[in-house]
Amino acid sequence: NSSDLSPSFILASIPGLEAVQSWMAIPLCSAYILAVVGNCAVLLVVRAEPSLHSPMYFFLCMLAAIDLALATATVPRILSFYWFGSREIGFGACLLQMFLIHTLSAVESTVLLAMAVDRYVAICHPLRHAAVLTNAATAKIGLLAMARGVLFFLPLPLLLLPLPFCGSRVLSHSFCLHQDVMNLACASTTPSVVYGLTAILLVMGLDAVLICLSYILILKAVLRLAAWRERLKVFSTCVAHICAVLAFYVPLIGLSVVHRFGKDGAPLVHIIMGNIYILVPAVLNPIIYGVRTKQIQRRIL
């Protein structure tokens, strides 16, 4: 049939497991509940504990809020499909979900970079830390991170709006991603491909390079210390952030590799990698910082 201007898309089901899909949603729902409880606990603990009112923990609150928003923008819709068979998603809803996923991911990447800079200043220039990273500066960084994500990723849904969709409407994931929706268009997607790759490189790619550079400088400063015990003590303040960076970037890279090289692979791989990308940072970040921060442990107990 001819294409229409407002198509709907079909969310991907778990291949070969459609009959037990409702049971497969239970671990997904459990992970979502754990993410909500964990991130809300972080927000409440930092608010209630005056000793945590510092840039590092304000950035942690930003991460918790982003992870909550990202998980809430996707998981309830996935669960409604798995439990109630609501497999169809409208064009507008799909574009909105896609915009939220990519924008919030960009904001999280920027906040992780800001946390790396915070660790660099605290370790390499400790006397200037309080003057450079004030509470006002931290709030401005949060606003800039949000503005950066919106400005870079708002064009993605706008570039897809005029495209016709006249073939298959079945997505590779249980939620909407730019690469996934773009591949279903039956017209040239070169502008979307070029802009999407450029935005990813200028946001996540640049952030990853700058985070690595920050840790190279931190490592150099740590190695100048005389005692090994002192080196380990200083570097241990970075362990939680390094784990948070890995929890964000490893699923992101894995999902990108699946989209680039796994087009003909098993559909189950796409669904698993997509769910990992959405939920792993949201579940792990509160656990990582809860284990590494004694004040958070005491407040939770």
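Student: Which residues does Phe 9 touch, not counting residues up to four places away in sequence?

Tutor: Phe 9 touches Arg 87, Glu 88, Ile 89, Phe 91, Cys 94, Phe 165, Arg 169, Leu 171, Val 181 and Leu 184, leaving aside residues up to four places away in sequence. Contact here means heavy atoms within 4.5 Å.

Student: What kind of model is this?

Tutor: It is a predicted model, where local features need pLDDT of at least 70, side-chain atom pairs count only at pLDDT 80 or more, and totals for chains, interfaces and linings use all residues. Residues are numbered from 1 along each chain as its sequence is written, and side-chain values use heavy atoms, with hydrogens and water left out.

Student: Back to the core. How many residues has the largest nonpolar core?

Tutor: It has 82 residues, and Phe 9 and Leu 112 have the most contacts inside it. A nonpolar core is a set of buried Ala, Val, Leu, Ile, Met, Phe, Trp, Tyr and Cys residues joined through side-chain atoms within 4.5 Å. Buried means under 20% relative accessible area, exposed over 50%, partly exposed in between (1.4 Å probe, protein chains only).

Student: New topic: helices. At what angle do α1 and α2 pack?

Tutor: About 160°, with the axes 9 Å apart; α1 covers residues 21-48 and α2 residues 55-84. Helices are DSSP runs (H or I, at least four residues), numbered from the N terminus. Axes are lines fitted to C-alpha atoms over the stretch in contact, and angles run from 0 to 180 degrees between N-to-C directions.

Student: Roughly parallel or roughly antiparallel?

Tutor: α1 and α2 are roughly antiparallel, which means an angle over 145 degrees. By class, their contact has 23 nonpolar, four polar and one charged residues. Nonpolar covers Ala, Val, Leu, Ile, Met, Phe, Trp, Tyr, Cys and Pro; charged covers Asp, Glu, Lys and Arg; the others, Gly among them, are polar.

Student: And how do α2 and α3 cross?

Tutor: At roughly 160°, with axes that come within 10 Å; α3 is residues 91-124. α2 and α3 are therefore roughly antiparallel too. Their contact has 18 nonpolar, three polar and five charged residues.

Student: Is Asp 207 buried or exposed?

Tutor: Buried, at a relative accessible area of 0%. Asp 207 lies in helix α8 (residues 190-223). Asp 207 touches Ser 109, Thr 110, Leu 113, Arg 148 and Tyr 249, again skipping residues up to four places away in sequence.

Student: Where is His 270?

Tutor: In helix α11, residues 267-292. His 270 counts as buried, at 7% relative accessibility.

Terms used: Helices (H or I, at least four residues) and strands (E, at least two) are DSSP runs, numbered from the N terminus. Angles under 35 degrees count as roughly parallel, over 145 as roughly antiparallel, 65 to 115 as roughly perpendicular and the rest as oblique.
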